[in-house]
Amino acid sequence: MTMSKSMPATGRETLVIKLGGSILYRLSPQFFMSLADLMKEYNAVIVHGGGPEITYMLNRLNIETTFINGQRKTTAKVLEVAEMMLKGKVNGHLTGTLNGHGLNAVGLCGYDADLLTASLIDRESLGLVGDIEEVNTALLTVLISEGYLPVIAPLALTKDGTKVNVNADLAAAAIAKAAGAEKLLYVTDVPGILHEGKLIPDTTAEEIEGLIADGVISGGMIPKVKSALSALSRHLKEVMITGGQQAIFKDGSILGTKIKGKGGVAAS
Ligand SMILES: Nc1ncnc2c1ncn2[C@@H]1O[C@H](COP(=O)(O)OP(=O)(O)OP(=O)(O)O)[C@@H](O)[C@H]1O
Ligand SMILES: [Mg+2]
């Protein structure tokens, strides 16, 4: 991976925010106001999903869609629709809304200036789905240092120029790692990890294993916590899961569930 340890020119901490497809069209005014507050303290990069939009259009076009271990099997036709919805509709909507709140957003996808280079995971079973290997962090640095907010659709190119779809949770983790971000934040349609309806304020890798085994964490929360754990490192000490139906930042703190590695720091 192309690494640049401290990306920002301004010396502020960098925060990568993944906005879930589950919440993209239901983000609250409190979310946008608190994001503006957050951006006064952090350099931010946004990565977004768009699964529900892709599924909706595939259904309308009668194109079959299947998931294998939470990843969408991506044929050439599916990729065309994913591109249309992610790079066109969702990225455009989000960038427009962010700029409506004065946030200086710039819409990008992984094809732009080699922003995201991926390798095919398994063409046979998954089709055109990639794992991010390199991130052009220099492009992000240029934008951030000039006060822009990069908003990235999770599409990438392989080294030989093949277009691929990338799971947004994994894309956010890879970008956070490559960009030397201190924090990674998953914004979804629930306020954090819930147990019997109550928010778990903080948790660890060990606890998460137990919560998955007990069925407390299920469905879309599983790939999210797994990518959270894989992203933790000496440098990226904290991953948060938060909800976009409310404020995500209050009195200097990010709200939601905080995931920490062993002793607050992961081994890798
Ligand atoms: N313990 C848990 N606490 C909170 N949510 C949970 C838990 N276990 C499972 N979930 C589910 O995880 C969902 C969030 O993941 P999901 O993949 O649906 O959203 P997303 O990642 O934000 O969106 P997208 O995948 O479209 O980008 C919640 O809506 C909830 O149904
Ligand atoms: Mg998800």
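User: In which strand does R72 lie?

Analyst: In this predicted model, R72 lies in strand β4, residues 71-72.

User: Is R72 buried or exposed?

Analyst: Buried means under 20% relative accessible area. R72 has 7% relative accessibility, so R72 counts as buried.

User: Which residues does R72 contact, leaving aside neighbours within four places in sequence?

Analyst: The contacts of R72 include G51, I54, T55 and L58, along with T65, T66 and F67. V78, L126 and V129 are also in contact with R72. The side chains of R72 and T55 are joined by a polar contact of 3.1 Å.

User: Which residues does the UniProt annotation "binding site" cover?

Analyst: The annotation comes from an unreviewed UniProt entry and covers G50, G51, R72 and N165. These residues span 116 residues in sequence, but no two of their C-alpha atoms are more than 11.7 Å apart, so they gather at one spot. G50, G51, R72 and N165 are included in the lining of the largest pocket.

User: Where is G50 placed?

Analyst: G50 sits in the loop between β2 (43-48) and α2 (51-60). Its relative accessibility is 5%, so G50 counts as buried. Not counting residues up to four places away in sequence, G50 touches G21, L24, L86 and V90.

User: How much space lies in the largest pocket?

Analyst: Rolling a probe the size of a water molecule over the atoms shows where empty space is left. Here the largest pocket holds about 610 Å³. It is lined by 28 residues, and those closest to its centre are K18, G51, F67, G70 and N167.

User: Which elements each supply at least two residues of that lining?

Analyst: They are α2, β4, α6 and α8 (221-231). The largest share, 4 residues, comes from α2. By class, the lining has 10 nonpolar, 13 polar and 5 charged residues.

User: Which residues of helix α5 are buried?

Analyst: An α-helix has 3.6 residues a turn, so residues three or four places apart point the same way. In α5, residues 137-145, the buried ones are T137, L140, T141, L143 and I144. They pack against the strands β2, β5 (105-109), β7 (130-135) and β8 (149-153), and against the helix α6 (168-178).

User: Which residue caps the N-terminal end of α5?

Analyst: N136 does, with a side-chain oxygen 3.2 Å from the backbone nitrogen of A138. As for what follows α5, G147 comes after the helix and has a positive phi, near 85°.

Notes: Residues numbered from 1 in each chain as written. Chains lettered and ligands numbered in written order. Predicted model: local features only at pLDDT ≥ 70, side-chain atom pairs only at ≥ 80, totals over all residues. Heavy atoms only, no water. UniProt positions renumbered as here; feature names shortened; annotations may be inferred. 1 Å grid on protein atoms, 1.4 Å probe; cavity = no way out; pocket = protein on both sides within 12 Å on 5 of 7 lines; lining within 4 Å. Buried < 20%, exposed > 50% of the residue type's maximum accessible area, 1.4 Å probe, protein only. Contact = heavy atoms within 4.5 Å. Polar contact = N/O pair within 3.5 Å; in protein donor to acceptor, adjacent residues only side chain to side chain. Points joined across faces, edges and corners; volume = space filled by probe spheres on them. Nonpolar A, V, L, I, M, F, W, Y, C, P; charged D, E, K, R; others polar.
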